[in-house]
Amino acid sequence: MSQWERLMKLPAAFTQQIYDLYDRDLLPMDVRHYLSVWIESQEWQRAANDHDLAVVLFQVLLENLDIQYSRFVQEDSFLRQHNIRRYKQNFQRYQGDPCALANTVYWFLDKEKEILQTAELAEQVRVLQVEQGDFETSTQSDLDQRMASLRNEVQCMERTMICLEEQHDEFDFKYQTYLMEGKQRAILYYRIFESFFLCSCVFCLSYVETVQSHRGKASATATDNSANPQEATFQLLINKLNKCRKDTLIGLNKILDRAEDLIDFLVNKQMVQWQRRQQKSCIGAPGEVCLDQLEKWFTGVAGFLFQVREFLSKLEELAGKIIYDKDPVKAHKPFLQRRTEKLLGDLLQSSFVVETQPSMPQGKGPLVLRTGVQFFVKTRLLVKFPELNQSMKVNISMDREAPQIKGYRHFNVLGTTNKALTMSESQSGGMVADFRHLILKEQKSGGGGKGAYDISLSVTEELHIICFDTLFELKGMSVELRATSLPVIVISNSSQQQSARASVLWFNMVSQDTKNVMFFAESPVATWPQFGEMLSWQFLSATKRGLNDAQLEMIAYRLFGKQQSYDICSVAWSKFSKENSPDTFWVWFDSIVVMVKTYLEDLWRDELIMGFVTKCKEKTLLKKKQKGTFLIRFSESFIGGITFSWVENDATGEPVVRTVQPFTKTDLSQIPFHEIIRHFLILKEVPQNPLLYLYPNIPKDEAFGKYYADKSGIDSPYLKYIKTRLVFALKGDTLEVVSPTASDVTEDEVPQPTSDQCGSAVGHTGDSLESHLDNYDLDPMLCDSVEIPGEDLMYPINANHFFGSEVFIDEPLVPTSL
């Protein structure tokens with residue numbers, strides 16, 4: 001297949017690029033099309049630098065144009081003859097510089113290749129899309145086809161209405177003409193009679209009466225005979241008109257059938273799916289929540305229904321001009337009118353939505369609001385008619401139908417609570433009301449009493465709904481519209497935000513009833529697939545990398561223990577965010593997400609952190625690897641902690657796994673984690689960094705090298721203020737922090753031991769390793785603990801344990817002999 005043929009088969013989006021490319025006279029598209037095979041077979045790139053070859057190609061091009069001109073002469077295609085002649089005249093300008101022509105043709109061919117490559121890449125991406133994406137694409141295509149079919153029927157109905165109006169005009173014209181002719185005949189008969197009476201006065205009256213009587217009978221007979229054809233004609237016209245009215249009513253009913261199917265699909269499926277996607281997006285899920293396509297469909301269907309209303313009004317107007325018995329318009333038009341109004345009302349009610357859910361500018365996510373702190377929210381009307389711009393006002397209220405729950409709070413919405421729907425505040429030109437400066441204030445009365453439901457909910461389990469009301473008025477159609485936000489959590493202190501976020505996650509993960517403010521009175525459980533997916537979204541939204549199957553399996557193991565399949569397992573709300581307060585599962589998990597987002601995002605995104613892995617799994621992985629292999633995982637006991645473990649050989653040559661005490665945000669805020677790994681030292685006979693290969697076998701500097709500071713050693717910016725370095729010595733069963741020898745320190749420098757997180761001196765030589773393990777219990781919020789074998793040693797250090805804050809002074813580091 002030639003290059004040009006491949007271009008002709010591209011989708012419409014790329015076809016437009018071809019049109020844009022040939023929107024000039026340098027190389028007309030007609031010439032490229034008719035001479036495509038010859039053009040692609042020539043060496044234009046060489047001809048651009050070879051004058052002789054360029055001359056030959058120039059002459060052959062003109063000859064081919066002559067041949068093509070002759071064909072059009074035979075086909076008697078006058079317009080094509082004219083175009084080819086004009087193109088040949090334009091090419092004559094290259095007579096003196098044929099190389100320029102060759103260069104031009106080569107440029108066009110090269111641009112075509114770029115379009116083809118782009119199209120092929122797009123096709124590869126399309127093929128790699130998930131099945132859901134393919135389903136959505138097919139659904140969109142199906143909806144577009146159904147919209148096109150409805151549009152065609154409405155256009156056919158427009159022509160039908162024109163024909164019906166013409167039939168009414170024809171009947172009216174003929175009938176009025178008939179009446180006019182009858183009036184003129186009556187006047188003529190009267191004048192004849194009057195003239196005859198004056199001229200025949202000499203005759204006796206009896207004779208005149210006799211003559212008039214005979215003529216009157218004759219005239220009446222003639223009139224009756226002549227009226228019969230006219231009546232037959234009018235009867236045919238009435239029958240034709242009646243049939244056309246019936247067909248029009250049937251056609252309008254079919255249009256409403258199609259519209260009803262479309263509205264049902266849009267309202268009960270597409271909008272429900274969009275609302276579910278929006279719910280998920282509020283808790284970190286990826287997915288398209290743009291409303292532009294839905295707005296296109298909603299506006300299209302609404303426009304068709306308004307046209308149906310106009311058709312019905314026109315039909316009623318025409319029916320009033322020509323009235324006859326058993327008129328189908330009088331019998332069926334009211335039903336069609338009611339049906340149209342109902343369909344249009346249903347569509348309009350669903351077209352008013354909250355596009356951007358309530359959020360605080362500095363919040364960690366939507367749907368968590370704090371009293372006295374500004375928040376923003378945006379509503380949108382999906383039926384976009386230019387004449388409605390700035391004519392519809394949106395009002396805000398809160399808890400219109402508040403539940404009667406014991407202690408349930410009530411709030412007032414303060415700020416600009418009334419705004420017009422306008423197209424100027426939307427990038428896509430949608431009809432939006434963007435509220436940016438709203439504040440919640442708790443009502444002093446009405447709360448705290450005993451309600452109909454004698455239950456007690458915490459502040460972060462109390463759900464509230466914000467309502468938006470407006471009035472749609474257009475072309476005699478008036479409908480009150482209301483949109484509601486997803487349930488929001490209202491807090492009064494920043495310390496409640498983490499727990500409130502947990503409630504938002506749980507509600508939008510489990511519930512699809514977006515108005516159920518009693519949800520936490522008896523919260524349902526979440527299946528593990530739901531729960532694991534939600535956890536992955538937290539990492540995905542924060543760092544652009546979610547959790548893989550192995551990491552999710554570790555979390556499932558900690559929650560449920562060893563299971564053949566975790567798909568049948570479920571998590572209770574209390575397990576997620578209420579048990580073992582304040583150190584709940586969510587607090588532990590969220591602290592890890594925050595730590596990774598703040599200090600480790602690049603390392604996490606490059607998959608250098610294994611993250612979630614059990615100690616047993618860690619030992620299994622490392623003991624099979626060469627000495628110095630290490631992996632990085634999150635702490636199971638320290639909130640927001642990260643640690644690393646490595647494999648080394650003991651005195652007998654057996655592999656053992658060592659683990660360092662976790663580093664927290666306090667440590668990571670002082671020195672990057674990759675620098676901790678880079679400068680980590682253990683002193684046995686000779687100081688050494690035991691971290692050599694990142695699991696499975698990536699050399700440490702290869703894995704982390706691109707993150708290192710430009711300078712290393714004593715020139716490192718992280719070491720220039722450190723008075724002395726602390727290294728770690730393993731002597732028998734005792735871990736010691738050893739300072740440099742006297743020869744390594746200036747006269748006025750005195751080594752100072754650093755304290756561990758429990759307050760004891762890390763440098764104290766009498767502490768046994770087992771005593772440090774007491775501070776590293778497994779997280780009580782998780783499932784059954786896993787025993788740590790005695791050789792699984794934990795070195796109680798953090799960043800300050802070898803870069804101690806107590807020994808920071810403004811002096812350069814003294815080189816040591818270590």
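Helices (H or I, at least four residues) and strands (E, at least two) are DSSP runs, numbered from the N terminus. The structure described here is a predicted model. Its protein chain comprises 23 helices and 23 strands, and 46% of its 818 residues are buried.

**Overall architecture**

- The accessible surface of the protein chain amounts to about 41800 Å², and carbon and sulfur atoms contribute 51% of that area.
- Among contacts in the protein chain with a separation of 6 or more, 72% are between residues 24 or more positions apart.

**Loops with positive phi**

- Glutamate 607 occupies the loop between helix H17 (585-605) and H18, and helix H18 spans 615-622.
- The phi angle of glutamate 607 is near 60°, a positive value in a residue other than glycine.
- Glutamate 607 counts as exposed because its relative accessibility is 58%, the cut-off for exposed being over 50%.
- Leucine 367 also has a positive phi, of about 75°, although it is not a glycine.
- Leucine 367 is located in the loop between strand E1 (352-359) and strand E2 (368-370).
- With a relative accessible area of 0%, leucine 367 is buried.

**Cis peptide bond**

- The peptide bond from tyrosine 695 to proline 696 is cis, and its omega is near 5°.
- Proline 696 belongs to the loop between strand E19 (693-694) and strand E20 (698-699).

**Salt bridges**

- Side chains of opposite charge can pair when their charged atoms come close.
- The whole structure contains 35 salt bridges.
- In one of them, arginine 146 pairs with aspartate 142, and the closest N and O atoms are 3.6 Å apart.
- Arginine 146 and aspartate 142 are four residues apart in helix H9 (residues 131-199), so about one helical turn separates them.
- Both partners are partly exposed: arginine 146 has a relative accessible area of 27%, and aspartate 142 has a relative accessibility of 33%.
- Lysine 342 forms a salt bridge with aspartate 346, with 3.0 Å between the closest N and O atoms.
- Helix H12 (residues 328-351) holds lysine 342 and aspartate 346 four residues apart, which means a separation of about one helical turn.
- Lysine 342 is exposed, at a relative accessible area of 55%, whereas aspartate 346 is partly exposed, at 33%.
- Aspartate 434 forms a salt bridge with arginine 436, whose closest N and O atoms are 2.9 Å apart.
- Aspartate 434 is buried at 5% relative accessibility, while arginine 436 is exposed at 53%.
- Salt bridges with shared partners also link Asp292, Glu295, Glu355, Arg380 and Lys384 into one network.

**Positive surface patch**

- A patch of positive charge on the surface is formed by Lys562, Lys617, Lys624 and Lys625.
- Lysine 625 is placed in the loop between helix H18 (615-622) and strand E14 (629-634).
- A relative accessibility of 31% makes lysine 625 partly exposed.

**Buried positions and their contacts**

- Valine 432 is part of strand E7 (residues 431-442) and is buried, with 0% relative accessibility.
- Ten residues separate valine 432 from threonine 422 in sequence, and their C-alpha atoms are 5.4 Å apart in space.
- Setting aside neighbours within four places in sequence, valine 432 contacts Glu355, Lys378, Thr379, Arg380, Ala420, Leu421, Thr422, Glu425 and Ser426; Glu355 and Arg380 are also members of the salt-bridge network.
- Serine 485 sits in the loop between strand E10 (477-484) and strand E11 (488-491).
- Serine 485 counts as buried because its relative accessible area is 1%, the cut-off for buried being under 20%.
- Residues touched by serine 485, not counting those up to four places away in sequence, are Val354, Gln357, Pro358, Ile465, Ile466, Phe468 and Thr514.
- Methionine 534 is found in helix H14 (residues 528-543) and is buried, with a relative accessible area of 0%.
- The C-alpha atoms of methionine 534 and leucine 505 are 7.8 Å apart, although the two residues are 29 residues apart along the chain.
- Not counting residues up to four places away in sequence, methionine 534 touches Ile283, Leu505, Met509 and Phe576.

Terms used
Residues are numbered from 1 along each chain as its sequence is written. This is a predicted model: local features need pLDDT of at least 70, side-chain atom pairs count only at pLDDT 80 or more; totals for chains, interfaces and linings use all residues. Side-chain values use heavy atoms; hydrogens and water are left out. Patches are made of residues with over 30% relative accessible area and no salt bridge: like charges are joined within 9 Å, nonpolar side chains (Val, Leu, Ile, Met, Phe, Trp, Tyr) within 5 Å. Accessible areas come from the Shrake-Rupley method with a 1.4 Å probe; for residues, only the protein chains shown count as cover. A salt bridge is a side-chain nitrogen of Lys or Arg within 4 Å of a carboxyl oxygen of Asp or Glu. Lys and Arg count as positive and Asp and Glu as negative; His and the chain ends are not counted. The place of a charge is taken as NZ of Lys, CZ of Arg, CG of Asp or CD of Glu. Buried means under 20% relative accessible area, exposed over 50%, partly exposed in between (1.4 Å probe, protein chains only). Contact means heavy atoms within 4.5 Å.
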